[in-house]
2 protein chains.
Amino acid sequence: MTGEGNGMDRDRVVRVGLLGFGTIGASVYRLIQKEHDRILEGTGVDLQVAKVLEIDATKVPAGAPEGLFTDDFSQIVDDPTIEIVVEVIGGTDAAFSFLDTAMRRGKNVVTANKQLLATRGEALFTLARDEKRHLRFEASVAGAIPIIKVMRESMIAAGLHTVYGIVNGTTNYILTHMYNDEGDYAEILARAQELGYAEADPTADVGGDDAAAKMAILASIAFHSRVTLRDVAFSGIENVTLADVRYAKDLGFVVKLVGAARLIEGGVSVRVFPALLPQEHPLAAIHGSNNAVFLQGEAIGEVMLMGPGAGGVPTATAVVSDIISIANTKDVGFLQSCSCYRSLGFYPAEEVESAFFIKMDVADQAGVLAQIASVFAEHSVSIARMIQKGRGDEAELVLITHPTRERDFSAAIEQTRGLVCCKSRPMTLRVL
Amino acid sequence: MTGEGNGMDRDRVVRVGLLGFGTIGASVYRLIQKEHDRILEGTGVDLQVAKVLEIDATKVPAGAPEGLFTDDFSQIVDDPTIEIVVEVIGGTDAAFSFLDTAMRRGKNVVTANKQLLATRGEALFTLARDEKRHLRFEASVAGAIPIIKVMRESMIAAGLHTVYGIVNGTTNYILTHMYNDEGDYAEILARAQELGYAEADPTADVGGDDAAAKMAILASIAFHSRVTLRDVAFSGIENVTLADVRYAKDLGFVVKLVGAARLIEGGVSVRVFPALLPQEHPLAAIHGSNNAVFLQGEAIGEVMLMGPGAGGVPTATAVVSDIISIANTKDVGFLQSCSCYRSLGFYPAEEVESAFFIKMDVADQAGVLAQIASVFAEHSVSIARMIQKGRGDEAELVLITHPTRERDFSAAIEQTRGLVCCKSRPMTLRVL
């Protein structure tokens, strides 16, 4: 008993209802068992998992304590001794309904559900405010990296204007191994699936959807204005070839799937795309399935956090920290409120400026570069670097532009398609 | 007025007394003015600097509001409307006395003073506990990087066992520019002094003292057991030559001043030393005056935070986040307590295992390597890699060992001094 020793009035029992016993749920349960005594000593919280909701009987472990598991949500929500409900079932409909009911019945809630927050977050945060309940979600973005707490509590006076994230481990794993020249996209995806770094159906990861949901959450916090999944323009890495990655490497760049949330002239811009990063950029050093979030703000310059972005145990540490944070903040404070206290407009996507990488199959003949450069010049697209590889029918032209508006760039690319020398639609990637 | 809009009962005036108006103090004052409205909207805290204690009249800015500045501490501590006292005067004696008095008089306190915490922290934390006051210190380590909050609040269930830190910007600036081959130690130190990255008297930075104080603070939090400055063995970078850095680079390493806090067999080991890091190590990518803290724990794997480690404005963001955190945690919670709830022993320094880099001036003659290897073998020091540079009198032998106990390594090095072939005391550096 250390309650007195460390200055706390008494140890406080906090009983949790856990919704879902999949990878994350089981990890949360086990981590709470394993760290119980250290958590008690360090925080004065006697943390107990009171009930676990799991409909799939095959997931209930042999030897589970009598009465711990239930397939009936009312056993959790009707139990007045349960203070906190932790949702780790995933999906959006049942999860929404459970969290909604739990908050209306006086529970504080913790969720790891990025899709839910990125699509129906506003309704949940409004309810949390009205019911004066905590709604915490550290585990929804970037696993063990405490980016939500850092942005909400430590960056209060940072003047954040830019958040770049590598927030999808599967795509970073694939791109890292492509960069190391260990195979092409399909080969490495297959290996990632074998090793458990990619799902059997990898669409949500490789297509950018997962990263877009996470960036919607991060942007909402950074800019204090609601961003939902449908506000995020995203593309994935399915069309990135080994040749593209090699050209980028030759030019001193690394290809990463990047989430980019920016405040531009008072408007919010949130996008996810495969991008070239200079090899010296801190995000270029994020390897394998790791995640990282890179923050820029008026007062802080640049701050980056990196770590494991997924996995049951790392994600469980985020859930536990949310539970303890709730147990430690009994008052109605700003952390019980949605961080979106204003409503900003969105900056038009076609006005955003980026530099671009372009790879074109070209006829290797005199005047090709002149023709292309002339089309680009018409649209104010200026070329910073160029390399031509191969000769004759195999010739490829690789260009890096200076920063240019999306609208002008698209128009220039469209116009090159009318040129005889350009044999197919160019591959284009943004440069961060 | 947004208090209702974001679910908070009312906006709450929080009045701060600021001790010191040097670089950090002035930055705290200006940041609070600049961000006042955003802080109010985001947190419901109407933050006001009520009084500034500054004894040096030349530091009081022209046009300062009437009555804001005082040279009398009692004007702050006797003012019942001041809730929080922020200490940014530095030094240990007056600062201790101010914080002690402030807490006894019912104030919560925030400090940026690493030397004070690393030498007299225990007395202050005990007082905070007894008086049920907050004592916050985010700004004492690594500037804008919220490492204290992350370790105390997010790593509760992480099972931390290792903290590596680049926590001194001056030395990292010097070593980065030496790595880039822009000059030797003396030249780059002189340039750093011109540019304001190093003090006129750089002893505390280049000698490792500053980093040692910060590592004492980080280790105390990570391992929940008090570590003071005198428990930290430290050495600096004064003897690291450009040649050493070049050899390290040839072998694939970067030289950094590293703080290493580890739990080894239940004992605490905290040291600061210049070390070789593999170029792929995340800490190897921390350039210039940036800081970074790299955490390893059972449940999190590896998490790293990087950012500006000093500078008035970045450091001020840490102070402001502490103030808001106090304003948001009115209950007696674990954050009001010292995190050191146990008292661990120290792991004997001579038992710690490290790999080593060794540079020796040798006579270039047959059998030199055999003689040296034989001495090493006697002490169980095994050689992993070797390069010899130069011939004749200019010959240098560079070795990297496998991990070996400090005691065995020291004995081996001592014995090589008796060898005819070894012309001077070898340069040795640890490898992380």
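Copies here are superposed by least squares on the C-alpha atoms of residues with pLDDT of at least 70 in both. The model is predicted, so to read it: local features need pLDDT of at least 70, side-chain atom pairs count only at pLDDT 80 or more, and totals for chains, interfaces and linings use all residues. Residues are numbered from 1 along each chain as its sequence is written, and chains are lettered from A and ligands numbered from 1 in the order in which they are written.

**Exercise 1. Work out which rotation superposes chain B on chain A, and which residue of chain B comes closest to the axis.**

Step 1. Superpose chain B on chain A: a rotation of 180 degrees does it, with 0.0 Å of shift along the axis and an RMSD of 0.0 Å.

Step 2. The two copies are thus related as by a two-fold rotation axis.

Step 3. Now look along that axis: B:L305 is the residue of chain B that comes closest, its C-alpha at 2.2 Å.

**Exercise 2. Describe the side of chain B that touches chain A.**

Step 1. Count contacts (C-beta atoms, placed from the backbone, within 7 Å): 58 residues of chain B are in contact with 58 residues of chain A.

Step 2. Find the elements (DSSP runs numbered from the N terminus, helices being H or I with at least four residues and strands E with at least two). Those giving two or more residues are α1 (23-43), α5 (147-154), β12 (301-308) and α11 (312-328) of chain B. The most comes from α11(B), with nine residues.

Step 3. Sort by class (Ala, Val, Leu, Ile, Met, Phe, Trp, Tyr, Cys and Pro are nonpolar, Asp, Glu, Lys and Arg charged, and the others, Gly among them, polar). You get 29 nonpolar, 20 polar and nine charged residues.

Step 4. Check the strands (two pair if DSSP finds at least two bridges between them). β12 (residues 301-308) of chain A pairs with β12(B) in the antiparallel sense over three bridges, and A:L305 has B:L305 as its bridge partner.

**Exercise 3. Give the strand order of the open six-stranded sheet in chain B.**

Step 1. Walk across the sheet: the order is β3-β2-β1-β4-β5-β6, with parallel pairing.

Step 2. Pick out the edges: β3 (69-70) and β6 (135-136) of chain B each pair on one side only.

Step 3. Zoom in on one pair: β1 (residues 12-19) and β4 (residues 82-87) of chain B run parallel over five bridges. B:L18 stands opposite B:V86 in β4(B).

**Exercise 4. Describe how α1 packs on α11 in chain A.**

Step 1. Get the geometry (axes are lines fitted to C-alpha atoms, for helices over the stretch in contact, and angles run from 0 to 180 degrees between N-to-C directions). α1 (residues 23-43) and α11 (residues 312-328) of chain A pack at about 50 degrees, with axes 8 Å apart.

Step 2. Name the arrangement (under 35 degrees is roughly parallel, over 145 roughly antiparallel, 65 to 115 roughly perpendicular, the rest oblique). α1(A) and α11(A) are therefore oblique to each other.

Step 3. Assign the hand (left-handed if the near helix is turned anticlockwise from the far one by less than a right angle, right-handed if clockwise): α1(A) passes α11(A) in a right-handed crossing.

Step 4. List partners: A:L31 and A:I32 are among the residues of α1(A) that meet α11(A), whose contact residues include A:V319 and A:V320. The contact divides into eleven nonpolar, seven polar and no charged residues.

Note on methods
Contact = placed C-beta atoms within 7 Å.
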